[in-house]
Amino acid sequence: MEKANIVTLLIIIVALPVLMTPVLMYVCRISDRLRNGLAVVTSAVTFILTLMLYPFIRDGGVLQQSLFEILPNLEISIRLDILSFSLAALASFIWFLCTVYSLDYMAKEHACSRYYPVLIFTLGACQGIFFAGDLFSLFVFFELMSIIAYILVIHEQTEEALKAGYKYLVMTIIGGLALFFGIIIVFEIGGTVSLGVGTIIGESSLLGLVAFICFLIGFGMKAGMFPLHVWLPDAHPVAPSPASALLSGVMLKTGAYGLMRVIFNVYSIDMLKESGWMVILAVLAIITILLGSAVALTQYDIKRRLAYSSISQLGYILLGLSILNNNAITGATFHIFSHAFMKSALFLVAGAIIWKTGKRNVNDFKGLGRQMPITMGAFSLAALAMIGIPPLNGFLSKWTLALGALDAGIPGYVLVLLISSLLNALYYLPIIIPAFFEQPEG
């Protein structure tokens, strides 16, 4: 595939969902069925076009292309490599599934003429994040995604949803400002914010540390990292279930992706190891893992329990990034994919249960496995994977993370993973077992 064709394809992948948003808004006046069909087709075409990039990256190809310059050394650019391709393909595939799921789920809901255009626009913003070639482009798409996702959070327009949306918006603004300051510092130190120049900050300095902390705040907020997680358990339960699946399955991963780009494309790996800065990330990751799992035990609303579980699971990814060796990074990257499928499935199943039965309290799920065997079967499979039962994907990612911790000579991290898996079992098995082996009350 020629370079010009790849660049054109990348632009189309990002622009198609964005350009289809006003089309969907116009079609809303004509036909709901046509609107829904266009939303599904747009997400499907975006996924197919993303897959068409595979021949280029199959052998390790990397493309960095500037689109236009805003100021000297400050530009809008795109970058294609194995990481950006993989996450973009993952995001567009899950987006397609959630859009199809929305057809029935949103049929009972109000304001669908607002929901579908916002859903598709957010897809374009996510693709823009994954294909951004510099920190400024990443920041622009990151803020677009964060702000437009606010509309998905408050979709129900209840008092609870508006309060959760307000908290989400405040945290988004804080994270965006921190991210902006971090980018300014990197530009001041290195004279560029391009992700294609190799190491920008190679020496330890106070300014470099401030920028690192700013990136932790900006991207950590979106990834649900402690103590910036406070918006997540409120926002996920009030959003429509397909939006919750995307918030947890895809949008949280944009924060982890941003941190990966900063660690591997902005800073020197040797400098990060020698400076001890990664200890900050490791401590926050461990607290995130244990806190998310512990608080999930106390939640009886199914979507709030899943939201706190997401906080814990994102901690695995952050912990893997903090270790900085091959096995740890492999485990962290694979857990992005594992969690995307597992948690999206769990939120979609939770939505199906609420849609069908109106039940949200996990204590009311007794006998539900006989009433909805396929649905609860899917929930059970995803939950067992989250616990880390072999040979499911959750086990494989945790196993690789544990190997990375042992390679680094930090067996204490393995203990954290084991404790978290035990806590996962304590809040998932009490849902699965009564659903299949107990009779409903009354």
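This note walks through the predicted model, from the overall fold to single residues.

1. Basis. This is a predicted model, in which local features need pLDDT of at least 70, side-chain atom pairs count only at pLDDT 80 or more, and totals for chains, interfaces and linings use all residues. Residues are numbered from 1 along each chain as its sequence is written, and side-chain values use heavy atoms, with hydrogens and water left out.

2. Overall make-up. The protein has 18 helices and two strands. These are DSSP runs numbered from the N terminus: helices are H or I with at least four residues, strands are E with at least two.

3. Size. The C-alpha atoms fill a box of roughly 70 × 60 × 40 Å along the principal axes.

4. Of the 442 residues, 58% are buried. Buried means under 20% relative accessible area, exposed over 50%, and partly exposed in between, with a 1.4 Å probe and protein chains only. Among contacts with a separation of 6 or more, 78% join residues 24 or more positions apart. A contact means heavy atoms within 4.5 Å.

5. Charge. There are 24 positive and 23 negative side chains. The centres of the two sets lie 10 Å apart. Lys and Arg count as positive, Asp and Glu as negative; His and the chain ends are not counted. Each charge is placed at NZ of Lys, CZ of Arg, CG of Asp or CD of Glu.

6. Helix 12. This helix covers residues 278-296. Its 19 residues should span 27 Å at 1.5 Å a residue, and the end C-alpha atoms are 27 Å apart, which agrees. The expected span is 1.5 Å times one less than the number of residues. Its buried residues include M278, L281, L284 and I289. They pack against helices 8, 10, 11, 13 and 18.

7. F219. This residue sits in helix 8. F219 is buried, because its relative accessible area is 0%. Leaving out residues up to four places away in sequence, F219 touches L138, F142, L179, T254, G255, G258, L259 and V262. G208 is eleven residues from F219 in sequence and 16 Å away, C-alpha to C-alpha.

8. T42. Helix 2 (residues 32-51) holds T42. T42 counts as buried because its relative accessibility is 4%. Beyond neighbours within four places in sequence, T42 contacts L16, P17, M20 and I120.
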